[in-house]
Amino acid sequence: MNVLLLYVLLLQATVTSFSGLTSLPVVHDELVVRRGVLTDEQLNAALAIGQTTPGPVGLYLVTVGYFVAGVPGAVAGVLALATPALLAIPLLGALRVGRTESVAGAARGIVIAASVLTLGTTFGLAESAVPDVTRAVIAVIALAVTAATQISPIWIVVVAGIAGLVVL
């Protein structure tokens, strides 16, 4: 895949997300479904790497870029993550956008829509990530622990990974 096109697609995913994983539906649709340059397994691996490394949640896009186009793809992922931040401050300053009720209402609507899109994509990816009942039980337990405790997600991922190895 052309690295410039990859940058544009990852930038599109970054710009349309308001938190790290809300870019997931765009990435899945463009790179897995439409173009076939990434598999569900690679996207799951990129998400796992992004969740277990320090930094922003959207950092998984660097791994996605690497899987698609090697080191130049990873650079495209870094640039796609940085571009909106580098443009947002001067743009907001030029527009003098304040915090009004209409802007707050629009932001809430966007967050709800992005959450629904992310949830839908998550169910699609779960099919390749959870191939049997044993791994489904591990996933449900990890979800319950995440929801019910203040345990750091890194420890939940590590313990779930070990459990997955044990039942392999």
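Thr63 is found in helix α4, which spans residues 60-95, in what is a predicted model. With a relative accessibility of 15%, Thr63 counts as buried, because buried means under 20% relative accessible area. When its neighbours within four places in sequence are left aside, Thr63 is in contact with Ala46 and Ile49.

The aromatic residues come next. The count of aromatic pairs comes to one, and this pair is formed by Tyr66 and Phe67, whose rings are tilted with 55° between the planes and 6.5 Å from centre to centre.

| Residue | Relative accessibility | Class |
|---|---|---|
| Thr63 | 15% relative accessibility | Thr63: buried |
| Tyr66 | 45% relative accessible area | Tyr66: partly exposed |
| Phe67 | 28% relative accessibility | Phe67: partly exposed |

A further topic is the packing of two helices. Helix α6 (residues 133-148) and helix α7 (residues 153-166) have axes that come within 10 Å and cross at roughly 165°. Because angles over 145 degrees count as roughly antiparallel, α6 is roughly antiparallel to α7, and the crossing in which α6 passes α7 is right-handed. On the α6 side the contact involves Arg135, Ile138, Ala142, Val145 and Thr146, which meet Ile156, Ala160, Ala163 and Gly164 of α7.

Key:
Residues numbered from 1 in each chain as written. Predicted model: local features only at pLDDT ≥ 70, side-chain atom pairs only at ≥ 80, totals over all residues. Heavy atoms only, no water. Axes fitted to C-alpha atoms, helices over the stretch in contact; angles between N-to-C directions. Helix = DSSP H or I, 4+ residues; strand = E, 2+ residues; numbered from the N terminus. Parallel < 35°, antiparallel > 145°, perpendicular 65-115°, else oblique. Left-handed = near helix turned anticlockwise from the far one by under 90°. Contact = heavy atoms within 4.5 Å. Buried < 20%, exposed > 50% of the residue type's maximum accessible area, 1.4 Å probe, protein only. Phe/Tyr/Trp six-rings, centres within 6.5 Å; stacked < 30°, edge-to-face > 60°.
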